[in-house]
Amino acid sequence: MPTYLYCVLTREDRGGDVPAAVLGVDDGPVRQLVTHGLEAWVSTVVGAPPVATVETIKQHDRVVSAALATGRTPLPARFGQTWASDAACAASIGERRAELESLLRRVAGLVEMTVCTLLPGSASAASPPVAAADDAAPGRAYLEGLRARTNRERHLRTALEELRQRVSGALGPLARGEVAEIRGSERALALSVSYLVERGGEARFRAAVADVARDVATRLVVAGPRAPYSFAPAPRQPGPAYAARLPERGR
Amino acid sequence: VRRDAKRPDHPVSVEDWPLETGDGEQLVLSDLINRVLDKGVVISGHVTISIAEIDLIALDLRVLITSIQTAVARSGATGARDD
């Protein structure tokens, strides 16, 4: 039966076991797969591969969070990776052992903290512009509607970029790494800025966010501590699905 | 049709995501979904993000899902080999 992967950690001989209460994406037990000097947290999935739902996504993250709670910092795996068996999973980990070990050293002792905010567009931006039936120039009205939507998105992106610079200026010195992302469209744009922060530094980080929040009109939300999802590498050789997705990023 | 995001095993839908700046919990959940599906190390194996039952995931994941659907259709497979 297929083996599903949640995360990879450095191996420790003592402690760090998977808590019995932690269940996998299909409510099955999670176990440690020790291989090539590393430790993977996996579960056996029965039947069809897991479907991405709110609940299965949360379950995936709960397992990764449980690994983070052992005191080690795991490399979280992207949702949906399965192998035909434990042996096949172990072989893949072995092939990338050196890279994984390097990444684990980079994130050791660190957690990810994320600052999020959302700027909503206008309500009318959610639907395509439609000219009125009695409009003498429906084509022109349509194009003007498109231009207005483009301008709204540009305005939102400019505002978020200015906010990102303020956040980076205040929080960057507290962190060992930073990844910023703006996603969405003219309907709404979200800004997420993720940082690698030393364990124990979360309170100081939140206090710094509060200082920034006093000076900006937009509400800032802090998420974390989390495993360093944002600091795991992109696929070295993207497969067809990811290759198709990559050009869409940053829109 | 509005659906209940708290129902287990319920496919993610845009209707689950009211885009309100004041709702921090929704924003954090949206961010979590984005990172679990779109970030994290890809080691190998079959990437089996099942997309057939997903209507839409928040924000620009509409683009992501659409693109994956297109890619899968082109490759003629239900899961993409990513190694």
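Mentor: A residue is called buried when its relative accessible area is under 20%, exposed when it is over 50%, and partly exposed in between. Please keep in mind that this is a predicted model.

Trainee: Is A:Ser85 buried, exposed or partly exposed?
Mentor: A:Ser85 lies in the loop between β5 (81-83) and α2 (86-95) of chain A, and beyond its neighbours within four places in sequence it is in contact with A:Met1 and A:Thr3. A polar atom of the A:Ser85 side chain lies 3.2 Å from the backbone nitrogen of A:Ala88. Because its relative accessibility is 29%, A:Ser85 counts as partly exposed.

Trainee: How is A:Ser192 classed, as buried or exposed?
Mentor: A:Ser192 has its place in strand β8 (residues 188-198) of chain A, and, leaving aside residues up to four places away in sequence, it touches several residues, among them A:Thr114, A:Val115, A:Cys116 and A:Val179. Its relative accessibility is 3%, and therefore A:Ser192 counts as buried.

Trainee: Which residue of chain B has its side chain joined to that of A:Ser192 by a polar contact?
Mentor: The residues touched by A:Ser192 include A:Glu181 and A:Arg183 as well as one from chain B. The side chains of the pair are joined by a polar contact of 2.8 Å, and the partner of A:Ser192 is B:Asp31.

Trainee: Which element gives the largest share of the largest nonpolar core?
Mentor: That core has 25 residues, and those with the most contacts inside it are A:Tyr6, A:Cys7, A:Val30, A:Trp41, A:Ile57 and A:Phe79. Two or more residues are given to this core by β1 (3-10) and α1 (54-68) of chain A, together with α1 (24-38) of chain B. The largest share, 6 residues, comes from α1(A).

Trainee: How do α1(A) and α1(B) lie relative to each other, roughly parallel or roughly perpendicular?
Mentor: The axes of the two helices come within 10 Å and cross at roughly 75°. Since angles of 65 to 115 degrees count as roughly perpendicular, α1(A) is described, relative to α1(B), as roughly perpendicular.

Trainee: How many nonpolar residues does the contact of α1(A) with α1(B) have?
Mentor: On one side the contact is made by A:Val54, A:Ile57, A:Lys58, A:His60 and A:Asp61 of α1(A), and on the other by B:Leu29, B:Leu32, B:Ile33, B:Val36 and B:Leu37 of α1(B). By class, there are 2 charged residues and 1 polar residue, and the number of nonpolar residues is 7.

Trainee: Is A:Asp27 exposed or buried?
Mentor: A:Asp27 is found in the loop between β1 and β2 (30-35) of chain A, and it has a positive phi of about 70° although it is not a glycine. Because its relative accessibility is 52%, A:Asp27 counts as exposed.

Trainee: What is the relative accessible area of A:His36?
Mentor: A:His36, which is not a glycine, has a positive phi of about 50°, and it lies in the loop between β2 and β3 (38-44) of chain A. A:His36 is classed as partly exposed, its relative accessible area being 38%.

Trainee: Which residue is joined to A:Gly224 by a cis peptide bond?
Mentor: The residue in question is found in strand β9 (residues 221-226) of chain A. Omega for the bond is about 5°, and the residue joined to A:Gly224 is A:Pro225.

Note on methods:
Residues numbered from 1 in each chain as written. Chains lettered and ligands numbered in written order. Predicted model: local features only at pLDDT ≥ 70, side-chain atom pairs only at ≥ 80, totals over all residues. Heavy atoms only, no water. Core = buried A, V, L, I, M, F, W, Y, C linked by side-chain atoms within 4.5 Å. Buried < 20%, exposed > 50% of the residue type's maximum accessible area, 1.4 Å probe, protein only. Helix = DSSP H or I, 4+ residues; strand = E, 2+ residues; numbered from the N terminus. Axes fitted to C-alpha atoms, helices over the stretch in contact; angles between N-to-C directions. Parallel < 35°, antiparallel > 145°, perpendicular 65-115°, else oblique. Contact = heavy atoms within 4.5 Å. Nonpolar A, V, L, I, M, F, W, Y, C, P; charged D, E, K, R; others polar. Polar contact = N/O pair within 3.5 Å; in protein donor to acceptor, adjacent residues only side chain to side chain.
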